[in-house]
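Trainee: Could we take a close look at a single part of this model together? I would like to follow one residue and its surroundings.

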Amino acid sequence: WACLEGLVEVVKRLINHNVKLEMKDDNGRTPLHWACEYGHDKVVKILIDRKVKLNEKDYWDQLTPLHLACRQGHTEVVKLLIDRNVKLNEKDEEGQTPLHRACQNGHTDIVQLLVKQGAQLEEKNEGGQTPLHFACSWGHAEIVKLLVKEQVKLEEKDKRGLTASHWACLNGHKEVVNLLSQSKRLNLEETDSRGNTVFHFAVKR
């Protein structure tokens with residue numbers, strides 16, 4: 001509770017009373033999970049200075065503290081975890097890495113951090129989707145631009161046969177479609193499993 005609420009002095013007092021710092025709750029979350037999800041960077045620093053485990057996964061979604069910080073957009077927390085060599089490419093129950101989570105939620109600064117630290121850019125989740133699929137599907141143009149600059153594969157298909165550009169068209173993200181179409185590496189005639197190209201999806205909208 002103290003970590004969830006970011007109560008720094010309470011956390012310090014509990015540590016002085018030798019409370020167990022890695023005890024899991026009913027969801028399988030440690031105090032570090034909660035501090036990371038709610039962006040309490042001062043509490044996170046206290047915990048990692050005490051050498052708590054950084055890569056523990058919760059029971060239900062198999063989320064690490066880094067997944068939570070990336071999903072919620074807590075840049076300072078992500079920096080703290082990276083500085084302590086947290087594992088960047090752990091997958092959750094859906095096969096998603098922290099980079100997937102950051103791309104899905106439009107946290108450009110965090111994506112930049114993960115890319116700089118060497119996170120794997122083309123990992124696929126259980127649905128066969130890469131971080132680029134997520135950025136395109138949700139219309140996060142700046143992240144798409146960043147990933148394209150990093151030379152990620154533009155024509156990777158998910159389990160439905162859809163590329164990132166297909167998803168951008170399906171969801172009406174014109175800016176993202178324009179960005180992708182400017183790349184000489186993109187084949188605009190790439191089809192999904194039913195023979196649809198990006199043009200088919202654009203017309204259907």
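Trainee: Is His 133 buried or exposed?

Mentor: Happy to look at that with you! This is a predicted model, where local features need pLDDT of at least 70, side-chain atom pairs count only at pLDDT 80 or more, and totals for chains, interfaces and linings use all residues. Residues are numbered from 1 along each chain as its sequence is written, and side-chain values use heavy atoms, with hydrogens and water left out.

His 133 is buried, at a relative accessible area of 1%; buried means under 20%, exposed over 50%, and partly exposed in between, using a 1.4 Å probe and protein chains only. You will find His 133 in helix H9, which covers residues 131-137. Helices here are DSSP runs of H or I with at least four residues, numbered from the N terminus.

Now look at what surrounds this residue. Apart from neighbours within four places in sequence, His 133 is in contact with Gly 128, Glu 156, Lys 157, Asp 158, Leu 162, Thr 163, Ala 164 and Trp 167, where contact means heavy atoms within 4.5 Å.

Gln 151 is exposed, with 52% relative accessibility. Its phi is near 65 degrees, a positive value in a residue other than glycine.

Definitions and conventions:
Helices (H or I, at least four residues) and strands (E, at least two) are DSSP runs, numbered from the N terminus.
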